[in-house]
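Trainee: Please take one part of this model and go through it closely. I would like a connected account of how that part sits in the rest.

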Amino acid sequence: PEKIRLINQKRKVMLAAHRGASEVAPENTLAAIQKALDSPADFIEIDIHQTLDSQLVVMHDATLDRTTNGEGAISDLPLSAIKKLDAGSWFKPEFKKEKVPTLEEVLQLVKGRKKLLIELKKGDDFYPGMPHRTIALLQKYHARSWCVLQSFHDEILQEIWQNEYNVPTHKLIVGKLPMLPVYFDVSLRFGYFDKYYRASAINAHHYFATRGFVKLVHNAGFKTFVWTADDPSEINKLVDRGVDGIITNAVSSLIVQ
Ligand code: G3P
Ligand code: CA
């Protein structure tokens, strides 16, 4: 199999396990995070939402339907009800004991052995107090040095920046879809990213990561991590274009040069 090259122009390109090692274990579970800990990843990417009783849980969707045997919105149920659900069988029967993890459990498992890239999601509405609660947990586990917070939502990032929580942040932008070139024009306008100066990276879908895009983001003083590339030749192409990080589902099967 083709090896992926993570060194580009003497710069190390970071590898992030998307939703944990989601190719070999159910996404955003402790099993996927453990597999990512055992992989060549530098970062582990997870998504968080907030329960009815204001607990932070690790899941991609705002609803339980796709990745558990429950249904409905996370924000409508207390943690005790969500903890009863099976978050692994949908992926493979052998993972039937996997539960929806809390952010706290993930911090306890990772313990700074890899960096955590935590994406703050929203449901139908923003979750009240979510950024503050996230930071409080990072403080409790002395985790600010090994965590990065990212979001698509400016409202969430603003709350982190305005409170000077002193944790690195990445801004996620909606990637360019081939059929919608308008995104390309809008986002590449000179100075478009200035308002995100407190973020250390502007992260985009890999469709977006042309050489021109990478150059523009770098010239504006940001790094860029791109998601989700799983094929080694695709990853090598992105490395050659100068991206700083690759967010991939395939972290366990990649052979790193
Ligand atoms: O890390 C960025 C990427 O995860 C954003 O898309 O839908 O997988 O959360 P999504
Ligand atoms: Ca994500």
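Mentor: The protein, seen here as a predicted model, has eight helices and 13 strands. Its C-alpha trace spans about 50 × 45 × 40 Å along the principal axes. The radius of gyration is 18 Å, which agrees with the value near 18 Å for a compact globule of 257 residues. Of these 257 residues, 44% are buried.

The part to look at is helix H1, residues 30–37. Six of its eight residues are buried, so the helix is largely enclosed by the rest of the structure. The buried positions are Leu30, Ala31, Ala32, Ile33, Lys35 and Ala36. They pack against strand E4 (14–18), strand E5 (43–50) and helix H3 (103–110).

Beyond its neighbours within four places in sequence, Ala16 is in contact with residues including Ala41, Phe43, Ile44, Leu117, Phe225 and Ile246. Glu45 and Ile247 are also among the contacts of Ala16, and both belong to the residues around ligand 1.

Across the protein, 61% of the contacts with a separation of 6 or more join residues 24 or more positions apart.

How values were computed. Residues numbered from 1 in each chain as written. Chains lettered and ligands numbered in written order. Predicted model: local features only at pLDDT ≥ 70, side-chain atom pairs only at ≥ 80, totals over all residues. Near = placed C-beta within 6 Å. Buried ≥ 20, exposed ≤ 12 C-beta atoms within 10 Å, placed from the backbone. Helix = DSSP H or I, 4+ residues; strand = E, 2+ residues; numbered from the N terminus. Contact = placed C-beta atoms within 7 Å. Rg over C-alpha atoms; globule rule 2.2 N^0.38 Å.
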